[in-house]
Amino acid sequence: MTRRLPAREFLWWSLRAHWALALALLALFTDAAEWALLLAAGAWAAGVTMDRADTQRTALSRLGSPIVALFLAVATADFLFGSRDLLVSLSLLVLGVQSVKFLLPKGSRDGWQLCAVALLEFLAAAAGTDAPAFALFAFLFFVASAGAMGALHDQEAEEAGRPSGGYAVPARAAAAVLLAAGVGGFLASAVLFAVIPRLEFRQVLERFGRARGVVGFSGTISLREVTGIKSDRRVVARVEFPELRPGLLPANLYLRGAVYSRYEDGVWRHGGATPLPVQSAGFQHFVGDAAAPDSTADITLEAADHPALFTYGHPTLIEGAFAPVLSDGEGNLSLSRSGHPTLRYRVRFAADLPRRPRNGRRTGTEDPAFPEGYEDVRVLAQEIAGGTGTDDERAERIMRFFLSGFRYTVSDPASSIREFLFRKRAGYCEHYAAGLSLLLRGAGIPSRVAAGYLGGEWNGVGKYLIVRQSDAHAWVEAWIDGRWVTLDATPPSGDSSPFRTRTGTIGLYADWLRQRWDKYVVNYSMRMQADAVKEGVRAVRRTGTAFRFRGWDGIGGTARRAAGWALLAAPALYLLYRLLRKRWNSAGKGSPPGISPLPGPYARLVRRLDRNRFRRHPGETLEETLTAAVRSRPDLSEDAARFLGLYHRDRFGPAALPPEARVEAFRLADRLRRGVSS
């Protein structure tokens, strides 16, 4: 027998659930005062109890206005002497008024007022969060809203003397009606939310608060500052590479955030030049010289305590909805304020600059002074570099100096640069960067210390790089042949690094969902919307080209309908074709951009190595993986060495392999694939 539920009873509880969900949204997704939320929740529970019992509240009604006045005084005192935050103070006042309303008898007018307050609380929660979990609570709120409106209309009818719904309906039917109404409202809101670009209202509000982030570097750096950051595994940035010069790997790129050219008393500092706004046009900021960029990176930078903008290589253009971008002429790019919320911007950069003819030593930022009191370091530098050869050759000699007798350690480092160079020879990246820079200067080669992040973890699910605090690093940039060249003397730590992060498959999928939410919801911009519309229009035009040579009048009814359906289905079929083509032609799952698709035998070998778990971490080269795989199969060592030689010539050589050599490379790849699986 179908269970029937009085409609009035069902709607009565829907109205109370609507009010309760608004309080839950405030508690979960805003910074509203906990004591005020607990007070409102208690008032809601007490009000529900008294409403069910139809309790007379004459004395309580007389206290309503004084209690509201008390909350007004509390909110005013909080704004003047407490938090000094207008939004927080207003939330206290709203919760106080709402608590009084919960406790007093409620007519339809009071119910509509409480629903209006609930809507304001919902909007406050929506404006203050970017958590994906908010979507679930928003859906429940819309479902309860449909029931609340039905309850209030029913109460209005009763107050006006009209029939007020004394009928009964099946419980399932009532639930289905509410669910359908809630789904309709939620979908309509979702469509509007998807098609309307974000106008950064939340970021504007956050400008009046405190910076909450940790990424970025200050104006100074000591021997322990960068390594101190590495113990934190929070995400700094997520980087996509729409364009990447062939041969470059994201895991090998340096994400620079700060440059230090002055060394005083063991501390590196900025050069001291006053940052000035760079030339800009709209959202485009021209930060570099006329060098032609060969790569593009889309960077989503998390909230920062410092104003630094992070870039790769030699940036020429930054596209972002912020202004101005400041430059000190020494390589430091920053925003005008000390802290900022999450930013998304595009950087066009050149990975390397061409050599330039030397026309005398340049002065200023490219010729920083050698610090006083380090004459013994200057003598050591001249002994190592020698007095002959080009700057490139002399810098190479200094780099080789760190290859023998030095070790990377975080447990027993040298206490100073002098101790690191002359006695202990043990330290971490700050030691190597500072020591290398001082030796280069001592040899007459201008240099500076750069700080930021090296590489990261490649997410093969979403095809982007995850950069964490644990990837913090310091290195050196030297002025050689009229350009800044990156030099890094720090030995690679590899799998033994105590800071290496292993996310795992589930973690990568979870991070991919967060990245997509940030990109297409939180930071969905007008430019992204325009690009999507243009791509859709181009796809429709391409599919409709075949029909242009004939008018619709010349097509019969059946053929016209078939053509119409084909035209509607063509964009989806085209996208499916592109997806399948990309999957079949890709260089294995998770291949970074910038590398052309692998031929079939190579791709099958890579997949077999991945399946047998020889790949230790994302971004590892085929040579490293294959060497680890044949370590337990000495009989395959000769084939592996021969294959790797042909593979490198085929993939990265100046010319294509001869046909017979490529056939042999494919044959060796198949033999190794079968060998490592046996």
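Visitor: Which element of the protein chain has the highest confidence, and at what value?
Guide: The chain averages a pLDDT of 78, and 75% of the residues score at least 70. Confidence is lowest in helix α8 (residues 201-206), at a mean of 44. The highest value belongs to strand β12 (residues 311-312), at 94.

Visitor: How many contacts beyond four places in sequence does the model have for residues 359-366?
Guide: Over residues 359-366, pLDDT stays under 50. Where pLDDT is low, the predicted coordinates should not be read in detail. With that caution, the number of such contacts in the model for residues 359-366 is 14.

Visitor: Is G96 buried or exposed?
Guide: G96 is found in helix α4, which covers residues 86-103. Buried means under 20% relative accessible area. Because the relative accessible area of G96 is 0%, G96 is buried.

Visitor: What is the phi of D481?
Guide: D481 lies in the loop between β22 (472-480) and β23 (483-487), and at 17% relative accessibility D481 counts as buried. Most residues other than glycine have a negative phi. D481 is not a glycine, yet its phi is positive, at about 55°.

Visitor: Is K463 buried or partly exposed?
Guide: K463 lies in the loop between β20 (457-459) and β21 (464-468). K463 is a residue other than glycine with a positive phi, near 60°. Its relative accessibility is 35%, so K463 counts as partly exposed.

Note on methods. Residues numbered from 1 in each chain as written. Predicted model: local features only at pLDDT ≥ 70, side-chain atom pairs only at ≥ 80, totals over all residues. Heavy atoms only, no water. Helix = DSSP H or I, 4+ residues; strand = E, 2+ residues; numbered from the N terminus. Buried < 20%, exposed > 50% of the residue type's maximum accessible area, 1.4 Å probe, protein only. pLDDT = per-residue confidence, 0-100. Contact = heavy atoms within 4.5 Å.
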